[in-house]
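Here are a few friendly notes to read alongside the structure.

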Amino acid sequence: MSKDNTKHNDTSSKAPSSTNNQAIDRFKKLQQKEISTDTIFKAIIAKDTAALSKGITLIESTQKSHIKKAQQLIGLCLPYANNAIRIGITGVPGVGKSTFIEALGTVLIQKGKKVAILAVDPSSTISGGSILGDKTRMESLVRSPEAFIRPSPSGTSLGGVAQKTRESIILCEAAGYDVIIIETVGVGQSETAVHSMVDFFLLLKLAGAGDELQGIKRGIIEMADAIVINKADGDNLKRAREAKNQFRKALHLYPLAQSSWSPEVLTCSAIEGTGIDEIWEMILKYLDITAKNGFFEENRILQNKFWLLQTIEEQLKNSFYNHPKIKAEIASQIEAVQQHKVTPFAAARYLLELSRD
């Protein structure tokens, strides 16, 4: 892969430009009606963001009729996908993920890229909606016609949302976006799920927050392709440089990754826009190395295998809990376990046998 060969999406050649406006107009006229999967698909590859939003909403729906249409839509979009760079960004709340993503997205758009941002937000336990609302936090980027921002509530099942995010990537790539950025919640197991669907995984850190070394979680560090220390400005600049040296020393203790890439540590100020170009150059260097040694394609294949198995597990779990006999019996079995009338293991075996009938 050449330095600036970012696997540019070539869907424009597959979707004749002469039909683009017709597809978009047809979609807009039908927005208030029940729209066919084919109509949404044609509008998506015609690069209509309203159709893309509609398609992702269809993917996120749990209605049975919508699930079937969503799978049809994904199948139609798949031949137009897999041409974008997928970047995962994580960090604890308050590290400045949204500001950093806006700064990076702005730089990429200036370089002629189309950027899609999929953010998995913490969910309100009352409404189930997104709490953070990335569209309100990226005021500049959201106004750009070359950017698409989609926050999705994480809900109670991270696995389900992660799967839908994985499918949303396909739609964004079919819509012609060159770079897909996935922002994690920044807590819990979301990092593992996002790492399994991106090409480059970036960990944002803060200097002077008391977690330079003791806060390093081995699993997160092993996943990270780069550590970026944000808010390296003003009085914090010296602390950022010290943290950079500490992280570099710590990374030497870890074995070389399968990608043959040695994770780098950089500093930036997202609010001032400094260091962002260097971060993009580093990502391009990583992509060039992994393309040449074959890891890029190998990683994509392994990710597809992972999501195949994850989807099977999710479908089996859903089938189990939606089984009529399980719905009728599970409450009584839980009560029996609570009253020590039966062990959890015996109750589980009973319910599993029941689900096979």
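This is a predicted model: local features need pLDDT of at least 70, side-chain atom pairs count only at pLDDT 80 or more; totals for chains, interfaces and linings use all residues.

1. By class, the lining of the second largest pocket has 15 nonpolar residues, together with 7 polar and 4 charged ones. That lining is made by 26 residues, and the pocket's volume is about 570 Å³.

2. Which residues lie nearest the centre of this second largest pocket? They are Glu 222, Ala 224, Ala 257, Gln 258 and Pro 263. Two or more lining residues come from each of strand 5 (200-206), helix 10 (218-223), helix 11 (237-251) and helix 13 (295-322). Helix 13 gives the most, with 4 residues.

3. Now for the cysteines. The structure holds 0 disulfides.

4. Is Cys 172 buried or exposed? With a relative accessible area of 0%, Cys 172 counts as buried, because the cut-off is under 20%. Cys 268 is buried as well, at a relative accessible area of 2%.

5. Cys 172 also has a place in the largest nonpolar core. Of the 51 residues in that core, Cys 172 is among those that touch the most other members, along with Ile 44, Leu 171 and Ile 180. Helix 8 (residues 158-174) supplies the largest share of this core, 6 residues. As background, nonpolar side chains tend to be buried together in soluble globular proteins.

6. What is Cys 172 in contact with, once its neighbours within four places in sequence are left aside? The partners are Leu 52, Ile 56, Ala 116, Leu 118, Phe 148, Tyr 177 and Ile 180. Another core lies apart from the largest one; it has 39 residues, including Ala 103, Leu 202, Ile 279 and Leu 284.

7. Finally, the chain as a whole. It contains 15 helices and 7 strands. Of its 357 residues, 48% are buried. Among contacts with a separation of 6 or more, 75% are between residues 24 or more positions apart.

Definitions and conventions
Residues are numbered from 1 along each chain as its sequence is written. Side-chain values use heavy atoms; hydrogens and water are left out. On a 1 Å grid over the protein atoms alone, a cavity is a set of points where a 1.4 Å probe fits but cannot get out, and a pocket is an open set with protein on both sides within 12 Å along at least five of seven lines; lining residues have an atom within 4 Å of a point. Grid points are joined across faces, edges and corners, and a volume is the space filled by probe spheres set on the points. Ala, Val, Leu, Ile, Met, Phe, Trp, Tyr, Cys and Pro count as nonpolar, Asp, Glu, Lys and Arg as charged, and the others, Gly among them, as polar. A disulfide is a pair of cysteine sulfur atoms within 2.5 Å. Buried means under 20% relative accessible area, exposed over 50%, partly exposed in between (1.4 Å probe, protein chains only). A nonpolar core is a set of buried Ala, Val, Leu, Ile, Met, Phe, Trp, Tyr and Cys residues joined through side-chain atoms within 4.5 Å. Contact means heavy atoms within 4.5 Å.
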